[in-house]
Amino acid sequence: MPATLLELVRISKRFGGVVVAHDLSLSVEPGAAVGLVGPNGAGKTSLFSMVAGDLRPDAGTISFDGAVVNRLGPAARCRLGIGRTYQVPKPFERMTVFENALVAAQQGAGARGQDSHHRAFASLERCNLIDKVNREAGSLGLLDRKRLELARALASGPRLVLLDEVAGGLTQPEVRELVDIVRSLRAEGTAVVWIEHVVRALVGAVDRLLCLAAGVVIADGDPVRVLDDPAVREVYLGTELAIEGTV
Amino acid sequence: MTWFNAILQGILLGGFYALFACGLSLLFGVMGIINLAHGDFAVIAGYVAVVLVPSTHLPMVLGFLVVVPIFALGGYILQRTLFQSALNRGDPLTILLVTFGLSIITENSLLQAFSANGQSINIGSLIADSINPNNVISISDISLVVLIVAVVVLGTLQLVLSRTSIGRMIRAVADDREAAELVGINHRHVFGIAAAIALATVALAGLASGMITEFAPSTGTSNLLFAFEAVVIGGIGSLWGTLVGGIVLGVAQQIGAQINPAYQILAGHVVFLAVLAVRSRGLFAVREAA
């Protein structure tokens with residue numbers, strides 16, 4: 001296994017005058033848990049879209065597990081092991097919770113027959129959805145939608161999970177539940193990159209924090225140190241950085 | 001008893017309409033494509049059978065063994081090339097215009113090649129065979145076969161969609177193609193599969209049409225209208241709804257014809273309008289996602 005799981009080299013992307021990535025390079029090791037913060041419009045979600053294959057960078061290369069994946073679409077990248085959740089969950093509304101996970105296990109992880117069922121159940125159990133497997137996904141509330149979004153990503157057998165604001169809108173105990181899941185993923189060697197505005201959730205779960213502003217990494221390292229960085233405080237001026245009461 | 005017979009004939013006719021409509025329903029349900037060339041594809045199937053099947057020495061009634069695989073393959077290729085490039089433009093009008101253009105080109109090419117004369121698929125004595133329990137009621141064998149084929153096709157499709165991994169892929173893509181990509185599904189390939197199924201079913205419908213009645217290059221347009229009405233009456237996205245929609249349309253037409261032969265088509269349109277007015281989403285509308 002290469003020492004680096006995900007490697008971005010000099011990625012640039014702009015939409016008209018808006019720069020979402022400027023000469024951005026970063027790497028993520030297998031099993032790492034990396035937090036990603038930054039003000040709105042910093043390019044965090046666009047970065048995820050470029051890694052997941054929804055968006056093509058204007059310049060630079062994206063490598064996963066040693067292979068350049070720039071030309072691959074999102075489905076192919078998922079099958080390679082890149083899982084992603086959306087900020088606003090996108091379950092298959094007219095399918096059951098179980099089917100949502102099953103389709104990910106079969107198409108993303110390539111599992112067949114009983115194996116795909118076990119995989120789907122395991123991911124649902126892990127995300128506390130086991131009592132709702134037969135519910136239509138469209139009928140779920142926000143927390144369960146977020147759980148399903150994560151369960152579906154996990155069922156696809158990822159080696160890297162991109163979490164986009166999964167904790168937003170959740171209560172503290174609910175956030176704690178998510179943090180526990182992320183910790184357990186790390187223990188299994190799955191790398192996690194997590195965008196979150198609820199910084200206290202991040203600090204408890206990641207061992208490295210990146211701060212992005214205008215498409216540039218302005219700080220990278222130990223979470224507490226990054227949050228203390230004057231440059232980070234500067235871009236967050238006027239925004240509350242709630243790191244007290246970490247979970 | 002004559003009314004009972006009218007209803008019975010309507011049900012038989014409805015099976016044919018449903019067979020016609022299910023491909024239309026599938027293309028719309030999965031890709032959001034309103035295929036205005038749908039009826040013309042059925043007509044092409046008829047001509048393909050007339051031209052190709054004799055050379056295989058198969059009886060005409062087994063012509064589907066030749067035509068259906070050709071159409072399934074053609075459907076996949078058509079989707080991956082012309083339809084996909086139209087969908088990539090992102091404007092729903094583009095694909096509508098493409099299918100409209102395809103319809104016009106098809107109709108005129110067929111006119112050029114085969115003239116405007118009607119043709120039919122020769123199935124020998126089967127065309128005249130019927131079940132006659134009494135003097136009034138007469139059930140044509142071939143119409144009954146078409147109804148059974150329609151029920152089997154729709155039932156199989158429903159089963160495939162709900163129980164198999166390909167079916168779940170199709171439903172996932174129909175639900176949210178972006179999210180489907182995210183779990184490893186290549187939505188373009190799934191679109192191709194859906195188009196292959198749709199064209200395979202329309203080929204069956206075209207063959208049925210050629211066996212029951214006549215077809216000509218211009219038949220496609222009226223076929224399309226009935227297929228549309230069946231889909232809308234039944235409710236877009238529901239395959240069993242499409243079967244019921246076809247039957248409702250068929251029964252309405254036959255009852256209209258019973259009142260006055262001139263009312264046959266009109267009665268169907270009136271029922272279609274009535275359903276639209278009372279339940280605009282159709283009788284078996286699939287609940288719209290929240």
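I looked up the bridge partner of Ala213(A) in E10(A) and found Val216(A). Strand E9 (residues 208-213) of chain A and E10(A) pair in the antiparallel sense over five bridges; strands are DSSP runs (E, at least two residues; helices H or I, at least four), numbered from the N terminus, and two strands pair if DSSP finds at least two bridges between them.

I noted that the model is predicted: local features need pLDDT of at least 70 and side-chain atom pairs pLDDT 80 or more, while totals for chains, interfaces and linings use all residues. Residues are numbered from 1 along each chain as its sequence is written, and chains are lettered from A and ligands numbered from 1 in the order in which they are written.

I then traced the open sheet: its six strands run in the order E6-E7-E8-E3-E9-E10 (chain A), with mixed pairing. Strand E6 (82-84) and strand E10 (216-221) of chain A are the edge strands, each pairing on one side only.

I turned next to H4 (residues 113-126) of chain A, which has 14 residues. Its buried residues (20 or more other C-beta atoms within 10 Å of their own, C-beta atoms being placed from the backbone; exposed means 12 or fewer, partly exposed in between) are Ser116(A), Arg119(A), Ala120(A), Ser123(A) and Leu124(A). They lie on the same side of H4(A), because they cover an arc of only 130° around the axis, taken from the directions from the helix axis to the C-beta atoms. I found exposed Gln114(A) and His118(A) on the face turned away from the buried side of H4(A).

I recorded that Asn128(A), which follows H4(A), has a positive phi, near 55°.

Terms used: Expected span 1.5 Å × (residues − 1).
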